[in-house]
Amino acid sequence: MIHSYLMVSVILFCIGMLGVISRRNVFTVFMSIELMLNAANLAFVAFSRLHESMDGHVLALMVMAVAAAEAALALAVVILLHKHKGKLDTNVFSLLKG
Amino acid sequence: MVHLAKKSIKKGALDIMFADWLFILFTVCAVLGAAGLVSFRHPMNSAMSFVVTLISLAGLYALLSAKLIFATQLIVYAGAIMSLIIFIIMFLNIQNEDLPVEEGRLKNMTIGAVLIAPIGLFLMKVVKQIPGSDTVVVDPNFGGVKEVGQLLFSKWLLPFEIVSILLLVALVGAVVLAGKRGINK
């Protein structure tokens with residue numbers, strides 16, 4: 001029973017990795033990272049159901065807080081870069097100078 | 001949904017089937033949403049299909065009887081973070097011609113899938129070897145607000161405080177980064 005949840009978590013993590021390495025749209029890459037964080041959360045919650053201790057739930061809450069902080073900062077950076085270059089291509093953002 | 005899952009666990013085989021059907025439904029929705037996220041061209045479509053993934057993940061949490069995480073997932077993730085992302089996507093007013101040209105997208109994704117497949121298979125193998133005890137009944141208070149809160153404020157107090165500092169730093173950083181124009185004036 002727990003194994004199927006962990007399988008879902010692995011599948012979602014792999015899809016997130018695929019999005020990070022194969023797409024160039026900065027928003028898609030960002031949301032793929034969020035997807036990977038969510039897959040990790042699902043694994044935390046599944047393991048805490050397996051061991052019947054709630055530490056995994058607390059860790060999942062921490063991961064959500066980190067994801068919120070990351071979202072705020074990453075979106076600020078995306079707005080700045082869009083102002084500078086007018087593009088959403090991660091290849092354009094590879095040179096961060098000036 | 002938590003109640004449904006719990007009742008089904010306590011009752012007979014027919015209701016256990018119901019929980020299994022819910023699991024299959026949420027899994028299919030989550031995986032389809034994730035696939036849409038990586039394959040749609042416009043970020044708005046990607047964000048919408050990501051919301052589907054997040055909501056089905058909340059359903060999976062409910063099936064694992066994690067009540068607090070279920071509510072937090074819906075409120076914080078599917079509510080706050082995704083509306084922030086969608087707000088920024090709409091704020092930048094992205095047209096089709098602003099998007100990066102990705103002609104070889106399908107090819108890239110195929111190559112990426114071939115590269116990632118070994119990692120995925122390895123993780124699957126690891127998952128299969130985890131010893132799992134199929135305890136179907138948990139404490140009815142498992143994952144409730146009170147229990148998780150007690151744990152959060154006793155055993156995890158220091159990480160909790162550190163997270164508050166992290167959020168403060170992120171707030172200041174976002175203001176410094178995005179509010180530059182105001183400072184220059």
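Which residues have the most contacts inside the largest nonpolar core? They are Leu42(A), Val45(A), Leu60(B), Tyr61(B) and Ile85(B), in a core of 63 residues. Keep in mind that this is a predicted model: local features need pLDDT of at least 70, side-chain atom pairs count only at pLDDT 80 or more, and totals for chains, interfaces and linings use all residues. Residues are numbered from 1 along each chain as its sequence is written, while chains are lettered from A and ligands numbered from 1 in the order in which they are written.

**The core**
- A nonpolar core here means buried Ala, Val, Leu, Ile, Met, Phe, Trp, Tyr and Cys residues joined through C-beta atoms within 7 Å; buried means 20 or more other C-beta atoms within 10 Å of a residue's own, with C-beta atoms placed from the backbone.
- α2(A) provides the largest share of this core, 13 residues.
- Leu60(B) touches Tyr5(A), Val8(A), Leu42(A) and Phe26(B), leaving out residues up to four places away in sequence (contact: C-beta atoms, placed from the backbone, within 7 Å).

**Where the chains meet**
- On chain B, 68 residues are in contact with 59 residues of chain A.
- α5(B) gives the most to that side of chain B, with 11 residues.
- That side has 51 nonpolar, 12 polar and five charged residues (nonpolar: Ala, Val, Leu, Ile, Met, Phe, Trp, Tyr, Cys and Pro; charged: Asp, Glu, Lys and Arg; polar: the others, Gly among them).

**Chain B itself**
- Chain B has eight helices and zero strands (DSSP runs: H or I, at least four residues, for helices; E, at least two, for strands; numbered from the N terminus).
- Of its 185 residues, 24% count as buried.

Key:
Contact = placed C-beta atoms within 7 Å. Buried ≥ 20, exposed ≤ 12 C-beta atoms within 10 Å, placed from the backbone.
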